[in-house]
Amino acid sequence: MAAAVAAAPGALGSLHAGCARLVAACSARLCPGLRLPRSLAGRRVGPAIWAQGWVPAAGGPAPKRGYSSEMKTEDELRVRHLEEENRGIVVLGINRAYGKNALSKNLIKMLSKAVDALKSDKKVRTIIIRSEVPGIFCAGADLKERAKMSSSEVGPFVSKIRAVINDIANLPVPTIAAIDGLALGGGLELALACDIRVAASSAKMGLVETKLAIIPGGGGTQRLPRAIGMSLAKELIFSARVLDGQEAKAVGLISHVLEQNQEGDAAYRKALDLAREFLPQGPVAMRVAKLAINQGMEVDLVTGLAIEEACYAQTIPTKDRLEGLLAFKEKRPPRYKGE
């Protein structure tokens, strides 16, 4: 089929041939040694599907979090690798109280650095993004900083925010946004890039950019419709409406809503509970399951099933699959190593 489209005359044939080459080239990036089945080779797949730079790799009260290490190069973002029964969970804590956790140049730089380190860390199993500032998740762009930028500076900076949020969306392990407070504009876009969102009922969420005569620029116009549907997403963006936790749950923007506790971290505790549920599962399986879902949602069902076939094939030769079968036979918990 690839040869046939390559031979097709004119610009259309060239375009189809380019798509075929793109599929073949990018299939090798899905997982080490991955080869797409012949049913997918040469099939037309949107460039957005393959533009994601995947890098394959193998709750409780606050006093019991078991933190073992912390990146203190900048206090605006705290990266904590949990230990003991939570080993494998990493918490990104935004801590910019004086700016309501707004996305400043420095915070974006710190997020980019942290994500670059985490995406290739084989020990990471789940990532939670939360705020360490009570009542605030992220208030969006730092408007005070933005007001000092020239018109020529705004576009490139927004592009950098979009790129970092895309990097978060493309992390190969499950990501959870714990929304215990205000998440507006870029703050909600940051949460939308996560696989799962949980929020306190008192949290406030919305894409409010049209109030400032701009539009969401960190992926909101694309991810919100995919999360809740096109018509409702348009309504929320056009009106700049802000939802509370219960309303967000009703429209499907978040997966879980909880009454806020005295510590102000109900969503974070729920996120920890979910992350703990993920820990016992096979690490390779988790990565390729996320990949199959993300890629498959962007294509037709037939192509999606072919992507699933290719991803499933990556689990067959793993040691973890054999360990799972042996553990089942021996009636014991499996001991997966991500191999």
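Residues are numbered from 1 along each chain as its sequence is written. In this predicted model, local features need pLDDT of at least 70 and side-chain atom pairs count only at pLDDT 80 or more, while totals for chains, interfaces and linings use all residues; side-chain values use heavy atoms, with hydrogens and water left out.

Me: Why is Lys331 called exposed?
Reply: Exposed means over 50% relative accessible area, buried under 20%, and partly exposed in between (1.4 Å probe, protein chains only). Lys331 has a relative accessible area of 76%, and is therefore exposed. Lys331 belongs to the segment after α14 (319-330), and its phi is positive, about 55 degrees, although Lys331 is not a glycine.

Me: Why are α4 and α6 called roughly parallel?
Reply: Angles under 35 degrees count as roughly parallel, over 145 as roughly antiparallel, 65 to 115 as roughly perpendicular and the rest as oblique. The axes of α4 and α6 (residues 151-169) come within 10 Å and cross at roughly 30 degrees; the two helices are therefore roughly parallel to each other.

Me: Which residues make the contact of α4 with α6?
Reply: With contact defined as heavy atoms within 4.5 Å, α4 contributes Lys105, Ile108, Leu111, Ser112 and Val115, and α6 contributes Phe157, Lys160, Ile161, Val164, Asp167 and Ile168. These residues divide into seven nonpolar, one polar and three charged.

Me: Where does Lys100 lie?
Reply: Lys100 is in the loop between β3 (89-94) and α4 (105-118). Its phi is near 55 degrees, a positive value in a residue other than glycine.

Methods:
Helix = DSSP H or I, 4+ residues; strand = E, 2+ residues; numbered from the N terminus. Axes fitted to C-alpha atoms, helices over the stretch in contact; angles between N-to-C directions. Nonpolar A, V, L, I, M, F, W, Y, C, P; charged D, E, K, R; others polar.
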